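Okay, everyone, thanks for coming. Let me put the chain up on the screen.

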Amino acid sequence: MTIHDQIHQTKHIFGPVPSRRLGISLGLDIIPFKTCSLDCLYCECGRTSRLTCERQSFFPPQRLLDELKAALPAIPRLDFITFSGSGEPTLNSDLGGLIAEIGQLGAAPIAVLTNGTLLGRADVRRELLGADVVLPSLDAALGSSFARINQPCPGLDLQGMIAGMEAFRREYAGRIWMEVFILKGINDNDADLAALREALLRIRPDKVQLNTLDRPPAYPGVESADFTLLESVRRRWPGLPVEIIKRAGRREEIPAFSLNLENSLLNTIRRRPLTLDDLVALTAKDEDELRRYLDILEREKKIRPVIEGGHIFYRLWPSGEN
Ligand code: SF4
């Protein structure tokens, strides 16, 4: 069974999808489209239509639990059930109850993608304690850059938010994977990078994941960072567990990707579908490097990831499926 046969798309559930950060992930969307406490320049879902910091109940939570219970029996294996979507999940005041109920199902670990803006609130931090991984964002630790990049709802206090992230680290035994979006010419200068490093050292996340623009941004004029820039940020943040999760977009970004290597990868995958681990073992390439090659081949519609028997395999696209 491929991902395309088994994908669930209901009002609140999407997937499972192969996710770079979370493996095989079933997405839960608990917020109306583009209801968010930020209006980020780079948002890939478009501009925020409802900018708010007010939490509320958006729908009866039992509805999502019923959808989930109906979907789970048809899904062989999940790495995560993930609160994500096109708005900020912590704005839903039923989040804590949902995490507790879903945790009781024991179907998969729970992840929450959040912009971190409400972590200054003790009730939000308490509600997140039941999650297995929390993935907050932090793109700026200087007020002026935060205002420019994230265009927060009025009254949102950046330093209170960072202090909330520090408090969450103390209170929470699960994993915190922090995402930082680097935008060329905006937060890649010395002052921003030094302030971000200092904040991240205080927060002490388990991982710092560097990302940048991958799709058209909500606002024009925002520039993506290339791998060289992201590597330089990594070098400038010693003492932090930094990894680069940006997807490779164009061949020119990875000059090492030769035609020979492409043919050898395609021939290997043609013989039988392979997981990333298989390909790492077969090619003796570093996992990050290999992912970049696979990104290019995926983008060029030469291969595609499919979920089979609870694993993500790469297959030729589309004829390789037959
Ligand atoms: S926090 Fe996320 S959903 Fe909200 S505007 Fe920023 S990128 Fe978009």
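This is a predicted model: local features need pLDDT of at least 70, side-chain atom pairs count only at pLDDT 80 or more; totals for chains, interfaces and linings use all residues.

Residues are numbered from 1 along each chain as its sequence is written.

So, the chain has 11 helices and 13 strands; those are DSSP runs, H or I of at least four residues for helices, E of at least two for strands, numbered from the N terminus. The radius of gyration is 20 Å, close to the 20 Å from the globule rule for 322 residues, so the chain is as compact as a globular protein of that length. That's taken over C-alpha atoms, and the rule is 2.2 Å times the number of residues to the power 0.38. The C-alpha trace spans about 55 × 50 × 35 Å along its principal axes.

How much is buried? 40% of the 322 residues, where buried means 20 or more other C-beta atoms within 10 Å of the residue's own, with C-beta atoms placed from the backbone.

Now the domains. An automatic or database assignment sets the bounds, and we get domain 1 at 3-246 and domain 2 at 252-321. Their C-alpha centres lie 28 Å apart. Domain 1 puts 10 residues into the contact and domain 2 puts in eight; contact means C-beta atoms, placed from the backbone, within 7 Å. On the domain 1 side, strands S2 (13-19) and S3 (23-29) each supply at least two residues.

Terms used. A residue is buried if 20 or more other C-beta atoms lie within 10 Å of its own, exposed if 12 or fewer, and partly exposed in between; C-beta atoms are placed from the backbone. Two residues are in contact if their C-beta atoms, placed from the backbone, lie within 7 Å.
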